[in-house]
Amino acid sequence: MVEALSRGQVAIPETALALLILDRLPAVGPVTVRRLVERFGSAESALVAPTRDFASIAGRDAARMRSDRTVRDGARAALARAERLGMRISTWHCPDYPEGLEHLADPPPIVFLRGKADALSSGRLVTVVGARRATSRARDVAERLGRALARAGATVVSGLALGVDGAVHEGVLRAGGTAVAVLGTGADVVYPRAHRKLFDAILDRGLIVTEFPPGVEAAPHHFPRRNRILAALSAITVVVEAGRRSGSLITVDHALDLGREVWAVPGPIDSSTSLGSNRLLSDGARALVDIDDFVREVCGAPAEGSERAERGHSGPQARVLAALSEDTLLVDELAAITGLPAATALAILTTMELHGEVERMPGMRFRRAA
């Protein structure tokens, strides 16, 4: 919590410039920037503090580089670029600094916001994350979850990555909702490139959030930093699918540190793509087993056209339900009756179980839900 910093008393441009210079110094990150500001009273004062005092907190290299013209010119150029692109610049001192970020141990000194101004203050905020190499089942669940949350008036936060992130953003936008994308790049850099259209749609109808200045490209160490912002913005984090080492689990760690609620979508126990999310469930995360029930709990009653009301089946899904209408079956038995591959039958059963249409019985037998 940035308790030592007062809001509304410092002009944004000067403060933003000083904070950005500090943040660009070698071996200086958000925690060190905060210590400098608390020690010297402001970012501007830190930049002109005695070298010995500054170095005792940030190190000699950082103290020496404070006056480096390249660092200062780079910070000025980044802020000028942000202004040209219509970005809003919010620092610790600003009334519009995202409230959730204040609870981080290392809140970003400065954030760049691009798009819908009131996105973070209109409606319930829910963060949805998951695997980049997501299964088709996970992408489908994420898209429908985004759609249902948007129709219930929630603002949905995710990371614009391939897989689950992209699918949930698409669901939100298809429902006419507000999508918030937290980036590991500058707010003018599209990553991954395949999400150019999605990026533009969010910019037009939602909000882009990042702590990285304009022009900053993607780098591996940016995404763990991005993940703490994903967790901090919302009171609830949902993991749709995650393997054992998924980056989504970093987001969950931050959410738990912040005392936020964590939900996970159950997956097949023999699937490596669900090891991480299933482990969350065994460790105490809440199970998201029905989209309508989840949306009702976090947002109130689902909006008209709810997930359950819309659902209808044809093709393989209809064959599976028909086969289960009179009996309880093993996956192999169901596959033989329907003519579907066993893996396809299991995927359909798992999705229908999530929707409450089928029930899993002991011995991996399935039956149609009452």
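Two strands are taken to pair if DSSP finds at least two bridges between them. Helices (H or I, at least four residues) and strands (E, at least two) are DSSP runs, numbered from the N terminus. By that rule, strand β8 (residues 261-264) pairs with β9 in the parallel sense, over two bridges, and Ala 264 has Ala 287 in β9 as its bridge partner. The model is a predicted one, in which local features need pLDDT of at least 70 and side-chain atom pairs count only at pLDDT 80 or more, while totals for chains, interfaces and linings use all residues. Residues are numbered from 1 along each chain as its sequence is written, and side-chain values use heavy atoms, with hydrogens and water left out.

Stepping back to the whole chain, there are 17 helices and twelve strands. The C-alpha atoms fill a box of roughly 80 × 35 × 35 Å along the principal axes. Of the 370 residues, 53% are buried (under 20% relative accessible area; exposed is over 50% and partly exposed in between, with a 1.4 Å probe and protein chains only). Contact here means heavy atoms within 4.5 Å. Among contacts between residues at least 6 apart in sequence, 69% join residues at least 24 apart.

The β8-β9 pair belongs to an open sheet of nine strands, with mixed pairing and the order β1-β2-β6-β5-β4-β3-β7-β8-β9. Its edge strands, each pairing on one side only, are β1 (88-91) and β9 (286-287). Helix α8 (residues 164-174) packs on this sheet, where it touches β3 (125-129), β4 (155-158) and β5 (178-182). The direction of α8 makes about 155° with that of β5 (axes are lines fitted to C-alpha atoms, for helices over the stretch in contact, and angles run from 0 to 180 degrees between N-to-C directions). Helix α13 (residues 291-299) lies across β3, β7 (236-239), β8 and β9, and runs at about 165° to β7.

What sits inside? A nonpolar core is a set of buried Ala, Val, Leu, Ile, Met, Phe, Trp, Tyr and Cys residues joined through side-chain atoms within 4.5 Å. The largest one has 99 residues, and those with the most contacts inside it are Phe 54, Leu 149, Val 238, Val 240 and Phe 294. Leaving aside neighbours within four places in sequence, Val 238 is in contact with Val 126, Thr 127, Val 128, Val 129, Leu 145, Trp 263, Leu 288 and Phe 294. There is also a second, separate core of 15 residues, including Ala 323, Leu 329, Val 331 and Val 358.

Phe 54 brings helix α4 (residues 51-58) into the picture: the buried residues of this helix are Phe 54, Ile 57 and Ala 58. Seen down the axis of α4, they fall within an arc of 80°, so they line one face of the helix (the arc is that of the directions from the helix axis to the C-beta atoms). The face turned away from that buried side carries the exposed residues Arg 52 and Ser 56. Just after α4, Gly 59 takes a positive phi of about 100°.

Rings of Phe, Tyr and Trp (its six-membered ring) pair if their centres lie within 6.5 Å; planes under 30 degrees apart count as stacked, over 60 as edge-to-face and the rest as tilted. The count comes to two aromatic pairs. The rings of Tyr 191 and Phe 223 have centres 5.8 Å apart and planes at 35°, so this pair is tilted. Tyr 191 lies in the loop between β5 and α9 (196-205) and Phe 223 in helix α10 (residues 222-233), 32 residues apart. Tyr 191 is partly exposed at 41% relative accessible area, whereas Phe 223 counts as buried at 14%. Trp 263 and Phe 294 form an edge-to-face pair, 4.8 Å centre to centre with 75° between the planes. Trp 263 lies in β8 and Phe 294 in α13, so the pair ties together parts 31 residues apart in sequence.

Two bridges join β10 to β12 (residues 365-368), with Phe 366 in β12 as the bridge partner of Leu 329. Four bridges join β11 to β12, and Glu 359 stands opposite Arg 367 in β12. β11 and β12 form a hairpin with three residues between them, and Gly 363 in the turn has a positive phi of about 80°.
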